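Below are some notes on the model, for reading alongside the coordinates. They are set out as numbered points.

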Amino acid sequence: IRRIVKGLIVYIWDLPASQAYHHAERFGLLKHSLEVAYLDAKRASRELLVNNEGVPSIERTRKERMWRVLSALLIGLFHDVGKIFDVILQVKYINRTILYHPLKGGILDFYIAHSGMNVELEWRQGRGMHHIRKNMYLFALIMPLQVMQCMPVSIVSMLLNNLYDYRDAGDKESVRQATADENKERIVRLLSYIY
C-alpha cells in the first residue's frame, strides 16, 4: 500500500481536487483520495457477503474480506486520479513554453525538472465527469503488476469495473465534509468582515 500511495503522490502531488467545488486547495486531490480510500475500505470491512443461495455467509465474508477491503481502498485512491488530465500545467521560459503531460511522468517529476520556475495551473474547459474514464490510465502506470497478479480474478474484475465507473458513498461523504468545512470557513470570514 505504501508503494502504491507513494506512486500516486508523485503523479498528483499538489493538484487540487476541483477548481472551486471541493478540496480546491493545494494537495486537495491527495487529501480527497486518501479520505475516500479510508471511507470505502472501512465500509468494505463491514460488509456481510451472501453465498450462492443468497444467504448471509460468514465463511464467504471471512475468505474474501481482505481482497474486498484492498480493492475498495484502491478504488478510493484512484477514483478521481483522471483529473490530472483536466488541468494544463505549464512552465514559461523566455523563448518557449513547456506543457506537462501525465503519461510522461508525475507532477512532482515535472516540478523537479523545472525547479525554480513558476508552474502555472489552468483547468480545461468542459471537463464534466470525463476524468472517470481516464482513471484507468494512471492506475495502469502506478499499480504494481505483482499486486494485481496475486488478486483473485473476480476481485480484479470488480476493481477495474468500479474504477471505470465509480459512484460510491465514500466520495459523496468526503465531498459533503469538505463543502461543509468550506461553508463554515466562508461564514467565519463573512462574520469577521461584519464584526
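**Notes on the predicted model**

1. Apart from residues within four places in sequence, K83 is in contact with L15, A17, S18, H22, L29 and H131. The residue sits in the loop between α3 and β1. With a relative accessible area of 9%, K83 is buried. A polar atom of the K83 side chain lies 2.5 Å from the backbone oxygen of A17, and A17 is also one of the residues in the contact list of K83.

2. K83 also has a charged partner. A salt bridge joins K83 to D80, with the closest N and O atoms 3.6 Å apart. Is D80 buried or exposed? D80 is buried, at a relative accessible area of 5%. K83 counts as buried too, at 9% relative accessibility, because the cut-off for buried is under 20%.

3. On confidence, the model is a predicted one, and the protein averages a pLDDT of 83. Of the residues, 86% score at least 70. Among the elements, strand β2 (residues 97-99) has the highest mean pLDDT, 93. The lowest mean, 63, belongs to helix α8 (residues 169-194). Comments on α8 are left out of this note.

4. Helix α3 covers residues 58-78, which makes 21 residues. At 1.5 Å a residue the helix should span 30 Å, and its end C-alpha atoms are 29 Å apart, so the two values agree.

5. Which residues of α3 are buried? They are T61, W67, R68, L70, S71, A72, L73, L74, I75, G76, L77 and F78. In general, an α-helix has 3.6 residues a turn, so residues three or four places apart point the same way. The run from L70 to F78 is buried at L70, S71, A72, L73, L74, I75, G76, L77 and F78. The buried residues of α3 pack against α1 (2-12), α2 (28-46), α5 (135-142), α6 (145-150) and α7 (153-164).

6. S71 lies in helix α3 and counts as buried at 1% relative accessibility. Leaving aside neighbours within four places in sequence, S71 is in contact with M151, I155, M158 and L159.

7. How many salt bridges does a search of the whole structure find? The search finds six. Side chains of opposite charge can pair when their charged atoms come close. Besides the K83 pair with D80, one of them joins R43 and E47, with the closest N and O atoms 2.9 Å apart. R43 is partly exposed, with a relative accessible area of 32%, and E47 counts as partly exposed at 29%.

8. Another salt bridge is formed by the side chains of K92 and E120, at 3.7 Å from N to O. This pair links distant parts of the chain: K92 is in strand β1 (residues 87-92) and E120 in strand β3 (residues 119-123), 28 residues apart. K92 counts as partly exposed at 45% relative accessibility. E120 counts as partly exposed at 30%.

9. V87 is also found in strand β1. V87 counts as buried, at 2% relative accessibility. Not counting residues up to four places away in sequence, V87 touches L15, L121, E122, W123 and R124. V87 and H101 are 14 residues apart in sequence, and their C-alpha atoms are 9.6 Å apart in space.

10. Two backbone angles deserve a look. Most residues other than glycine have a negative phi, and most peptide bonds are trans. Phi of W13 is near 20 degrees, a positive value in a residue other than glycine. Phi of H23 is near 45 degrees, likewise positive in a residue other than glycine. W13 lies in the loop between α1 and α2, and H23 has its place in the loop between α1 and α2. W13 counts as partly exposed at 25% relative accessibility, whereas H23 counts as buried at 2%.

Conventions. Residues numbered from 1 in each chain as written. Predicted model: local features only at pLDDT ≥ 70, side-chain atom pairs only at ≥ 80, totals over all residues. Heavy atoms only, no water. Helix = DSSP H or I, 4+ residues; strand = E, 2+ residues; numbered from the N terminus. Expected span 1.5 Å × (residues − 1). Buried < 20%, exposed > 50% of the residue type's maximum accessible area, 1.4 Å probe, protein only. Contact = heavy atoms within 4.5 Å. pLDDT = per-residue confidence, 0-100. Salt bridge = Lys/Arg side-chain N within 4 Å of Asp/Glu carboxyl O. Polar contact = N/O pair within 3.5 Å; in protein donor to acceptor, adjacent residues only side chain to side chain.
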